[in-house]
Amino acid sequence: MLIHPDALRRWAALAAVVSVPALLAGCGGDDDDTTPTARPVPDAASLRTACPTLTGRTVAAADIGLPSAPATVTAAAVVAATTGAAPTPEYCRVSGSIAPTAAGADPIVFQVNLPLTWNEKAVMVGGGGFNGSLVNSLAPLRDAPAGQPLPITQGYAMFGTDSGHDAAAYNATDPGRFALNDEMFVNFAHASYKKVKDVAHSLMGSYYLRKPAKQYYYGGSEGGREGLMMAQRYPADFDGIVSVVPVIYWTGLFNGFINFSKPQFTGGALSTAKISAFAKAVNDTCDALDGAADGVVSNYLACASKMNLQSLRCVAGADTGPGCLSDPQLATLQATYGPTVLPFAVANGSTTYPGRLFGGEIQLGGEGLGRWISTGVVPTVPTPLATDARGVIYGSSYARYVIARDANFDVRTFNPSAFEARIKAVSELMDASNPNLAAFRARGGKLIIRENTGDMAQSPMAGINYVQNVVSTMGQANVDSFLRLYVSPASSHGGTAASLTTGAEVPTTYDLLGALDGWVTSGQPPADALVQVRNATTAPFTTLASRPMCRYPNYPQYVSGDASKAESYRCAVSAP
């Protein structure tokens, strides 16, 4: 076996603690045959000493599994342990970038955090929105309960990326501008995550003298799309993936943003008062369908057939006050809760993006219709204001920079038929809709998907429909062996929920990384009902309330007893 020069330098740095003969005696090989796989992992003292020596290290393009330029570590330093509500251990923080392959493209920036006490596992954390800012992978994971130790505190090596572009100067109103550069758009679509994973493994191999025994991906929203993309495009790279509220059918969602934006230019904007009245109508109609009139719509599939938007129409369709909806306002809501249908098929035969579910109209932290659909004001063209609804901003940026590739394009004139070739090409890059996960299953991969029924940013039905497509493609028994879909009723895109009538926060948090790791390492799948909790936000983080999060197609049906306790519910089938 040829010994890589970087490995020789690493061994020299560790010689004071672990003898070179001992390392050589344990030398084997992994997937690149250049990194020693000695046992045991060097101790904390040697890792502390070795951390700064990673500064300036390069990872050759040949060690990255896609066409790439080299990666360079710009800084590596030991970070002291911290205490407090979310303590961190001592770790080696490694910062660097992968150079672009063409002029005009940004580098792919990354951060790898290497705990001095390592559990020999690693987690890559996904991004959000259009990305463009570094995911340092040190924040609590999405939907983690208050008091849950950070993954790095549990011993996981953690890493993330900016996905290959810097959006600091324009992300508020033009988040898609980077897509004018083809390399940056491909990096955003899928390539940057594969490249950074390969670089992170090279660095771990050098630092720990072995690569991780288990590699996970954890992401939500855009990061959830990234996770599914890894299972579909790079099935050999990840042992387990958690995908929360994933933007699976990206092109369908973004065309839908445009559909509900257009009526808002001609009277369809929704004021806070209109949204409040509409939310009350939804709650009055659907709240008790789950067995408890608690201000939470939990029977998520049963509500749609009970709702009649036309019953909320103002006299003659004119805006006559906050208690009714004008025709343009109804058009905005119909485009929100109804399907988006393209006049042609895109990747994997998709033509239709599903509408949202009822029950998430008003949410904690400003989530809901007022954040994602309409802020009550007429949008601006060609560039939206930073205060416009996120869906309006995203739809405009998609139309101008991703599809028309013209900053001055007027989104009001958008017609997908005029851009069929471009939309199809974008769908092939961006849509994580391939239902054939046979290669991921064959390598032993496990996948957990969570959908939130109060999500106004994207449709939870997209994940439900995707899993049904996977079942149709692979068969139920095969799917049961590696995939679980859980549904969190009333939870917003960000993962929180509250009673519309009392304002009380609903339990929505659960340790999905722990569930994934247990499944991968023991082969035991997580239960069909997971107990979501609401913990106190200060130590000792006492559990204040709990409620089941049921595996699809079930929902938590209230039976009897204390509604704040999970045992008062059973998982029952939700049906239209």
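Student: To start, is the link of Cys286 and Cys303 right-handed or left-handed?

Tutor: Happy to, and please keep in mind that this is a predicted model. The link of Cys286 and Cys303 is right-handed, with 80 degrees about the S-S bond. Cys286 sits in helix H7 (residues 272–286) and Cys303 in the loop between H7 and helix H8 (327–337), so this pair ties together parts that are 17 residues apart in sequence. From S to S the distance is 2.0 Å. Cys286 is buried at a relative accessible area of 0%, and Cys303 counts as buried at 0% relative accessibility.

Cys51 belongs to the loop between helix H3 (44–50) and E1, while Cys92 belongs to strand E3, so the bond ties together parts 41 residues apart in sequence. The torsion about this S-S bond is about 80 degrees, so the disulfide is right-handed. Both Cys51 and Cys92 are buried.

Cys550 and Cys571 also form a disulfide, and their sulfur atoms are 2.1 Å apart. Here the torsion is about -85 degrees, so the disulfide is left-handed. Cys550 lies in strand E14 (residues 543–551) and Cys571 in strand E16 (residues 569–573), so parts 21 residues apart in sequence are tied together. Cys550 counts as buried at 0% relative accessibility, whereas Cys571, at 26%, counts as partly exposed.

How values were computed. Residues are numbered from 1 along each chain as its sequence is written. This is a predicted model: local features need pLDDT of at least 70, side-chain atom pairs count only at pLDDT 80 or more; totals for chains, interfaces and linings use all residues. Side-chain values use heavy atoms; hydrogens and water are left out. A disulfide is a pair of cysteine sulfur atoms within 2.5 Å. Helices (H or I, at least four residues) and strands (E, at least two) are DSSP runs, numbered from the N terminus. Buried means under 20% relative accessible area, exposed over 50%, partly exposed in between (1.4 Å probe, protein chains only).
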